[in-house]
Amino acid sequence: MAERARPAGATDDVDAVTRAVLTASRLLVAVSARSLAAAEDRVTLPQFRMLVVLSTHGAVNLVTAADLLGVNPSTAMRMIDRLIAADLVSRGVNPANRRETVLQLTPDGQRIVEDVTARRRDEIAAIVARMIPGQREALVDALTAFAEAGGEPAAPGRGQDLYPLGWVDPTVSSA
């Protein structure tokens with residue numbers, strides 16, 4: 001990864017950057033919680049995380065879904081059973097291996113992911129709009145570098161398929 005040039009007088013204080021990121025993360029967690037609030041009567045935060053995994057990776061088996069969430073397969077199975085009962089996830093036979101079952105979102109499950117993500121995107125856009133253009137440009141550079149350092153793929157822009165922001169380990173393959 002290429003090292004970025006720093007402006008004259010810029011500080012390289014890891015503690016100051018860490019404090020700033022922690023402060024920003026509190027705001028992002030609050031935005032995330034508010035965006036999920038409208039769907040709370042249907043899903044919990046952990047269940048929403050599962051919906052995000054299935055939305056992002058498509059049909060996967062239980063072990064892959066558990067790995068992507070960083071939970072035990074038994075925990076993932078209990079979550080999946082509840083989501084199937086709520087008609088947000090379906091279970092089917094893998095056409096490539098008929099002995100394996102795969103999990104995928106139902107249209108209602110996909111709609112929840114899209115609605116929550118759209119609410120989150122709108123609230124973040126309103127916050128960003130209150131910043132001056134130079135700050136927005138600097139934020140794009142800083143957050144892009146931060147995401148790259150953490151191995152997180154970029155989210156597509158408005159009008160593209162909504163990438164449900166976060167909760168997915170991009171280093172784990174769904175293959």
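Begin by selecting V17, V21, L143 and F146, which make a nonpolar surface patch of about 350 Å². Such a patch is built from residues with over 30% relative accessible area and no salt bridge, with nonpolar side chains (Val, Leu, Ile, Met, Phe, Trp, Tyr) joined within 5 Å and like charges within 9 Å. Accessible areas come from the Shrake-Rupley method with a 1.4 Å probe, and for residues only the protein chains shown count as cover.

This is a predicted model, in which local features need pLDDT of at least 70 and side-chain atom pairs count only at pLDDT 80 or more, while totals for chains, interfaces and linings use all residues. Residues are numbered from 1 along each chain as its sequence is written, and side-chain values use heavy atoms, with hydrogens and water left out.

Next, colour helices α1 and α6, each of which supplies at least two residues of the nonpolar patch. Helices (H or I, at least four residues) and strands (E, at least two) are DSSP runs numbered from the N terminus. V17 is located in helix α1 and is partly exposed, with a relative accessible area of 48%; partly exposed lies between buried (under 20%) and exposed (over 50%), using a 1.4 Å probe and protein chains only.

Remain in helix α1 (residues 14-37) and select D15 and R19, four residues apart, about one turn of the helix. Their closest N and O atoms are 2.3 Å apart, forming a salt bridge, that is, a side-chain nitrogen of Lys or Arg within 4 Å of a carboxyl oxygen of Asp or Glu. How many salt bridges does a search of the whole structure find? The search finds four.

Move to R91 and D81, another salt bridge, with the closest N and O atoms 2.9 Å apart. R91 lies in strand β1 (residues 89-94) and D81 in helix α4 (residues 73-85), so the pair ties together parts that are 10 residues apart in sequence. R91 is partly exposed at 40% relative accessible area, and D81 is partly exposed at 37%.

Then select D108 and R111, whose side chains meet in a salt bridge at 2.4 Å, N to O. Both belong to helix α5 (residues 107-129), three residues apart, or about one helical turn.

Finish at helix α6 (residues 133-150), whose 18 residues reach 26 Å from the first C-alpha to the last, close to the 26 Å expected at 1.5 Å a residue. The expected span is 1.5 Å times one less than the number of residues. Just after α6, select G151, which takes a positive phi of about 80 degrees.
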